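Subject: Handing over the structure, with notes on what was found

Dear colleague,

I am passing this structure on to you, and I would be glad if you could look through it with the notes below beside you. They take the helices and the sheet in turn.

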Amino acid sequence: MDVARRFDYAQQHTADHILTGVIHRRYGLTTWVSTWEKESTFIDLNGILDESALFEMERVANEAVWMDLPVEASWPDDSTLARLDYRSKKGPNGAGAHCYHSGIDVCACCGIHVEHTGAVGLIKILSVTRLRGGVRVEYAAGRRAYHYLDTVQQNRMISAVLSARPLHTAEAVRRLLEERDAARKRCVALEQKRFEVLAQQQSGQGDTPV
Ligand SMILES: [Zn+2]
């Protein structure tokens, strides 16, 4: 794995720990699977959380990022493990390393991590969908979050086209769709009216008996 790819992996994976860690601490949920795609990462939570709660957790996770907490790996013995408040994807004896995020997350893990949470840079939730009794959360961290901000430029262009401020483009698009739907209804009504007039004009003209 080259250096850039390794760092990208470390940013996304550490963000997974931080985001899941704060959710686990507040709501007791955990991640049962993580899926990687080219531009974003998905975590599937084993319970339902609504969007407002998740975006609050995003804020808390980013506070942990900006506190630049040390990310430590340790190999505790059985007696230490017994005392740990432990979020585990695997059994305590089934994983090689125990990754410790300064109180944010304690989890059995063999993955690659950044050395301090600040290196994650930013965690941005992109979408939330219900899934099999849980929630799938799509996020971008670090360099991927930076690239995601390119969409802000796209929004600026849309705002110029719609003559709407950048933070009001969604409302402008919603209004545009409502106007389109209303125009469609008027169009259908006018066509119906026109057909009725044509039908009246043609009435009796095509029914000459043989
Ligand atoms: Zn890990």
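Axes in these notes are lines fitted to C-alpha atoms, for helices over the stretch in contact, and angles run from 0 to 180 degrees between N-to-C directions. Helices (H or I, at least four residues) and strands (E, at least two) are DSSP runs, numbered from the N terminus. Please keep in mind that this is a predicted model, in which local features need pLDDT of at least 70 and side-chain atom pairs count only at pLDDT 80 or more, while totals for chains, interfaces and linings use all residues. Residues are numbered from 1 along each chain as its sequence is written, and side-chain values use heavy atoms, with hydrogens and water left out.

I begin with helices α5 and α6, whose axes are 10 Å apart and which pack at an angle of about 45 degrees. The two are therefore oblique to each other, given that angles under 35 degrees count as roughly parallel, over 145 as roughly antiparallel, 65 to 115 as roughly perpendicular and the rest as oblique. Their crossing is left-handed, a term used if the near helix is turned anticlockwise from the far one by less than a right angle, with right-handed used if clockwise. On the α5 side the contact (heavy atoms within 4.5 Å) is made by Asn155, Ile158, Ser159 and Leu162, and on the α6 side by Thr169, Ala172, Val173 and Leu176. By class, the residues of this contact of α5 with α6 divide into five nonpolar, three polar and no charged, where Ala, Val, Leu, Ile, Met, Phe, Trp, Tyr, Cys and Pro count as nonpolar, Asp, Glu, Lys and Arg as charged, and the others, Gly among them, as polar.

The lengths of these two helices can be checked against an expected span, which is 1.5 Å times one less than the number of residues. For α5 (residues 150-162), the 13 residues should span 18 Å, and the end C-alpha atoms are 19 Å apart, which agrees. For α6 (residues 169-202), the 34 residues should span 50 Å, and the end C-alpha atoms are 49 Å apart, which also agrees. Just after α5, Ser163 takes a positive phi of about 55 degrees, and just after α6, Gly204 takes a positive phi of about 85 degrees.

Next comes the other helix pair, α1 (residues 3-27) and α2 (residues 51-66), whose axes come within 9 Å and cross at roughly 120 degrees. That angle makes α1 oblique to α2, and the crossing of α1 and α2 is right-handed. Among the residues that meet here are Ile18, Leu19 and Val22 in α1 and Ala53, Leu54 and Met57 in α2. The contact of α1 with α2 has 12 nonpolar, no polar and three charged residues.

Turning to the sheet, four strands form an open sheet in the order β1-β2-β7-β6, with antiparallel pairing; two strands pair if DSSP finds at least two bridges between them. Because β1 (31-36) and β6 (123-131) stand at the edges, each with a single partner strand, one side of each is left without a neighbour in the sheet. Five bridges join β1 to β2, with Thr35 opposite Phe42 in β2, and a hairpin of four residues links these strands. Strands β2 (residues 41-45) and β7 (residues 134-141) also pair over five bridges, and here Asp44 stands opposite Arg136 in β7. Eight bridges join β6 to β7, which form a hairpin with two residues between them, where Arg132 in the turn has a positive phi of about 45 degrees.

Finally, α1 lies across β1, β2, β6 and β7, running at about 135 degrees to β7. Helix α2 packs on the sheet as well, touching β2, β6 and β7, and its direction makes about 150 degrees with that of β6.
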